Amino acid sequence: MDWGMKNRLSRIIKPKDKRTVMLAVDHGYFMGPTSGLENIKTMVDPLLRYADTLMLTRGALRNYIDPEQQIPIVLRVSGGTSIINEDHLLHEGTVVSVEDAIRLNVSGVAFSILVGQPFERDTILGMTEYIDTCERYGIPVLAVTAVGRGLGKDVKYLSLASRMAAELGAHIVKTYYCDGFEKVVETCPVPIVIAGGKKQPEKDALQMAFDAIQAGAIGVDMGRNIFQSSSPVGMMKAVNAIVHKRYTVKEAYDLFESDHIKN
Ligand code: R5P
């Protein structure tokens, strides 16, 4: 691995503990003005000091984030379908060139694959082509193992998708937490982060983050469970404490609640 690739990876995965808290606010690329992200700048500005990385789209970066901002960026580079077209949901291809990603000075890029759908080949070859170009410039690729309609978020499916993503060249894999998650981690040769998924009660989301870390995930790439929380700052702090400070779920929830009371 060359210096540039290592350097960018170290901006995403913190060298002090090899963990990461990624704040995901890229939902608009297929969901439009998602609840909580009507104005991304207002939402993320107070959260950034507790995040290691910000994951978002090119348009959100240009329009909502100050160029002076030092947070490492993981740019969403796949897309092409909307939440309305259910038959083709997540039938994604490249929506940002590697050159533009470099121009935006990103630390990494995120590309979704959808294993198990009739169009799986399109998404997988789209990702591998993108990885080939990124290798040329030393840019890490985070593979997002999307889960489509009728596909279970279970250990068998998520191990398959995560291992495939890693073997096909992804440098980090983002997947979902499931029962038996240790197996997903053990059989995937690159670091794994978990997505948060739909909003759930704060304590449950913290428990999920805790369990994922215990099972070997290196962190989270979490969105709705933070920005749709009754206290996004409190939730961000609590997730950060679980990932980096080894807080228990109770300690993290107390931190969330104390911030909630303050505000
Ligand atoms: C989906 O593929 C998007 O990339 C989201 O960023 C990702 O799912 C993480 O967000 P959430 O925690 O809201 O699921």
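Trainee: The charged end of which residue sits over the ring of Tyr-253?

Mentor: Please keep in mind that this model is predicted. A charge sits over a ring if, among other conditions, NZ of Lys or CZ of Arg is within 6 Å of the ring centre. Over the ring of Tyr-253, a charged end lies 4.7 Å from the centre, and it belongs to Lys-203.

Trainee: Are the rings of Tyr-253 and Phe-256 stacked, edge-to-face or tilted?

Mentor: Planes under 30 degrees apart count as stacked and those over 60 as edge-to-face, with the rest as tilted. The centres of the Tyr-253 and Phe-256 rings are 5.6 Å apart and their planes stand at 35 degrees, so the pair is tilted.

Trainee: In which helix do Tyr-253 and Phe-256 both lie?

Mentor: The two residues are three apart, about one turn of the helix. The helix that holds both covers residues 249–262 and is helix 12.

Trainee: Is Phe-256 buried or exposed?

Mentor: Buried means under 20% relative accessible area. Phe-256 has 4% relative accessibility, so it counts as buried.

Trainee: Which residue lies over the face of Tyr-176?

Mentor: The distance from the ring centre of Tyr-176 is 4.0 Å. The residue found there is Lys-153.

Trainee: How many residues does the largest nonpolar core have?

Mentor: Leu-23, Leu-54, Val-109 and Phe-181 touch the most other members of this core. Among the contacts of Leu-23 are Val-44, Leu-47 and Met-236. The number of residues in the largest nonpolar core is 83.

Notes: Residues are numbered from 1 along each chain as its sequence is written. This is a predicted model: local features need pLDDT of at least 70, side-chain atom pairs count only at pLDDT 80 or more; totals for chains, interfaces and linings use all residues. Side-chain values use heavy atoms; hydrogens and water are left out. Rings of Phe, Tyr and Trp (its six-membered ring) pair if their centres lie within 6.5 Å; planes under 30 degrees apart count as stacked, over 60 as edge-to-face and the rest as tilted. Helices (H or I, at least four residues) and strands (E, at least two) are DSSP runs, numbered from the N terminus. Buried means under 20% relative accessible area, exposed over 50%, partly exposed in between (1.4 Å probe, protein chains only). A charge sits over a ring if NZ of Lys or CZ of Arg is within 6 Å of the ring centre and within 35 degrees of the ring normal. A nonpolar core is a set of buried Ala, Val, Leu, Ile, Met, Phe, Trp, Tyr and Cys residues joined through side-chain atoms within 4.5 Å. Contact means heavy atoms within 4.5 Å. Lists of a residue's contacts leave out its neighbours within four places in sequence.
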